[in-house]
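This report describes one protein structure for a reader who is new to structural analysis. Please keep the sequence and the structure in view while reading.

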Amino acid sequence: MVLDLPALEALGWDADWEAAFAPFATDGVRPVRVVAVHRETAIVRDGAGDRPASVSGVFRFEALARSDFPAVGDWVVLGADDVVSAILPRRSVFKRMAADSSRRGSSLDDEQIMASNIDVALLVAGLDNDFNLRRIERYLAIAMSSQITPVVVLNKADLADDVDGRLVAVDAIAPGVATVAVSARTGQGLDELRAHLLPGTTAAILGSSGVGKSTLVNALLGEDRQATAEVRDSDSRGRHTTTHRELFELPGGALLVDTPGIRALEVLGAEEGVETAFDDVADIAATCRFSDCQHNGEPGCAVRAALADGTLSPERLASHQKLERELARAAREGDPRARAEYRRTWKIIHKSVEEHMNRKYGGGSR
């Protein structure tokens, strides 16, 4: 089997991927990259162009969750009959709770891979009425949890009155993280952004609807490939114009995964990322008198002292605590015993409150 190395390298192939493919290398199979997924059909690409591919029966039988199936960005092993037999080990993933996660019969079904094997995360925020530092913090935590290099992209610079002020605000919550102010419509700042998109690297563009992701993708591609829509004047929010994930090859040699607009991205397995994104909070908390300080009025609480003197903002602490609660919930949902213990604890609390109310006010339970 002879691989079309130049074509594969243009898709991000390197020596490490070649080593990962070696155990599967037999006659009639080749590595290809997943560039789109439509229901259960993957669109794969190599030197021979794009083609639809399905998974083998054995693959389907052995899959335990939807996250075991091919996702955009995956490198997969493809047979001569365009059937996927294996996925090469993922280097990084963006994942979230699936849209139907209310069905909690099996927590494994709730995890959805948005994109895999990402090197750079373009975290897009709009410099208009929907600018939200707390949402940027969330995306930073998720990117850092997967060891993905984040770049904060502040779009719609042509509509902002105080671009420098917004840059300072982002730097305060993300020191050391590259931040670029751009206008996808006018081209402002795009050359600076392209400097972070090196040939052969794969970037994913993340951001809620209305921040101009599709317009930005079109600007980077140099052509109108993605549909765009106007945002509401009242809050600058828009409709989801991107309805599926797709990997594009940019003119400069980088690859870019566009994703549907996401407003409530779950923090799954992002413990390390939260600590990295909020290292200022962690550093302050480490100086509390008690190691198990909950920052709720305990003596010697450094966090409360930082709030009092302005070193730490209440909004940033609240954002950190919210993400910590989400991490605890995600861990609980993934562990049946922890979930059962949590429910049992709250039943005890509810019963105690009910008994207290009955003793104090009389009457039976409703």
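Are W17 and W75 buried or exposed? W17 is buried, and W75 is buried as well.

**Confidence**

The mean pLDDT of the protein is 80, and 76% of its residues reach 70 or more. Over residues 101-108, however, the pLDDT is below 50, and this stretch has 11 contacts in the model beyond near neighbours in sequence. The pLDDT is also below 50 over residues 231-243, a stretch with 36 contacts beyond near neighbours in sequence. Where pLDDT is low, the predicted coordinates should not be read in detail.

**Aromatic rings**

A pair of aromatic rings is described by the distance of the centres and the angle of the planes. A search of the whole structure finds 4 aromatic pairs. One of them joins W13 and F21, with 6.3 Å from centre to centre and 75° between the planes, an edge-to-face arrangement. W13 is buried, because its relative accessibility of 5% is under 20%. F21 is also buried, at 3% relative accessibility.

The rings of W17 and W75 have centres 6.3 Å apart and planes at 45°, so this pair is tilted. It links distant parts of the chain, since W17 lies in helix α2 (residues 15-21) and W75 in strand β4 (residues 75-78), 58 residues apart. Ring pairs join W13, W17, F21 and W75 into a cluster.

**Salt bridges**

The whole structure contains 12 salt bridges according to the search. The table presents three of them.

| Residues | N to O distance |
|---|---|
| R30 and D46 | 3.2 Å |
| R45 and E249 | 3.0 Å |
| R316 and E137 | 2.5 Å |

R30 counts as partly exposed at 22% relative accessibility, whereas D46 is buried, with a relative accessible area of 12%. Both residues also belong to a network of salt bridges that links R30, D46, R51 and D82.

The salt bridge between R45 and E249 links distant parts of the chain, with R45 in strand β2 and E249 in strand β12 (residues 246-249), 204 residues apart. R45 is buried at 15% relative accessibility, while E249 is partly exposed at 39%.

R316 and E137 meet through their side chains in a salt bridge. This pair connects helix α11 (residues 314-333), where R316 lies, with helix α4, where E137 lies, across 179 residues. Both partners are buried.

In soluble globular proteins, nonpolar side chains tend to be buried together. In this model, the largest nonpolar core has 45 residues, and F94, I136, L140 and L154 have the most contacts inside it. Helix α4 (residues 133-145) gives the most to this core, with 6 residues. Which residues does F94 touch, not counting residues up to four places away in sequence? Among them are I113, M114, I118, I142, I148 and L206. A second, separate core of 23 residues includes V153, V180, I205 and V217.

Methods
Residues numbered from 1 in each chain as written. Heavy atoms only, no water. Core = buried A, V, L, I, M, F, W, Y, C linked by side-chain atoms within 4.5 Å. Buried < 20%, exposed > 50% of the residue type's maximum accessible area, 1.4 Å probe, protein only. Helix = DSSP H or I, 4+ residues; strand = E, 2+ residues; numbered from the N terminus. Contact = heavy atoms within 4.5 Å. pLDDT = per-residue confidence, 0-100. Salt bridge = Lys/Arg side-chain N within 4 Å of Asp/Glu carboxyl O. Phe/Tyr/Trp six-rings, centres within 6.5 Å; stacked < 30°, edge-to-face > 60°.
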